[in-house]
Amino acid sequence: MKRKLIISLFVALCFTQVSYGWAWSHKLIGYMAARNCTETTKAMLDRYLDVPLSEISLWMDVYRDYDWGGMDWSEAPDYVRGTTYWHMFSVDRNGKVMMESGRKDPNGNGLPYLEAAIETLKKHKEISDSAVVINLKYLTHLMGDAHCPAHYYYENMPADSKGETGLDSRWGFENGSYNGKADSYHGLFDRAGERIHPEFNMKLKPYTEHIDTMSVASRRRIVEGSVKDWIDESASRCWEIYEWGWKPGKSYDDSFYQEHGDFIIYQIQICAYRLAHILNVIFDPEYKGL
């Protein structure tokens, strides 16, 4: 069967410059997830994709940053606007991720779109190949964002650099530095993957071999429950990053990753296993578990 074309924009950009949210960690998650897919699932991914899963993982970030020639975003279709707005997850005061946005921006919540992508992919035999491709892009990216510690808007967030609290105070956390250069607290997590283990020089295979070590029992435990359960659990755990002494204008260095690297790597690990699990459930009827 004719292989479905990945949008030419994606091919042209080639991801030569990784400068996006959760950055290189998206690629690491995609690579590790593919490594844990069954042979049947791998064959199905190869049928739909002209590039590895790790490469499509950044598509949502690349696509939204493309110069669309002055397009009026209010008139853009959902799949275009979504590449800009769906990357964050709103969390209520009870620590539960909300199906609707709790922010002023009504589109700023990724959970319903993540779940919609999964439900669409479950019908892959009934829909066009191009629809499968676009939803694989959404699934791979949004699963990654749902496990990035800085991608949650909490209703009870601590005060930001302007003294504001709550869901819409999120971007006040931009004021700080890393190794003497301006950086945001959010940015410390977006670029954490490559900084925690610089010895791997952003090479996916050795990095993955180093962290793809969770026991079978642990893998099966972390994929129990629904996707909503996973994201609620992750949101609850990631609140911890605001108990690490953040304050406006604070300077950070490599000691930040030495102290907190295990926490961040764990988020990458469980995300990759959960993504692999979902893909196996969707594409391999004989799948028995990780």
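Residues are numbered from 1 along each chain as its sequence is written, and side-chain values use heavy atoms, with hydrogens and water left out. Because the model is predicted, local features need pLDDT of at least 70 and side-chain atom pairs count only at pLDDT 80 or more, whereas totals for chains, interfaces and linings use all residues.

**Helix pair**

Helix α7 (residues 111–121) packs with helix α13 (residues 227–238) at an angle of about 145°, and their axes are 11 Å apart; helices here are DSSP runs of H or I with at least four residues, and strands are runs of E with at least two, numbered from the N terminus. The axes are lines fitted to C-alpha atoms over the stretch in contact, with angles from 0 to 180 degrees between N-to-C directions. On the α7 side, Leu111, Leu114, Glu115 and Ile118 meet Val227, Lys228 and Ile231 of α13, where contact means heavy atoms within 4.5 Å. The residues of this contact comprise five nonpolar, no polar and two charged, with Val, Leu and Ile among those counted as nonpolar and Glu and Lys among those counted as charged.

**Asparagines with positive phi**

Asn179 has a positive phi although it is not a glycine, and Asn201 likewise has a positive value in a residue other than glycine.
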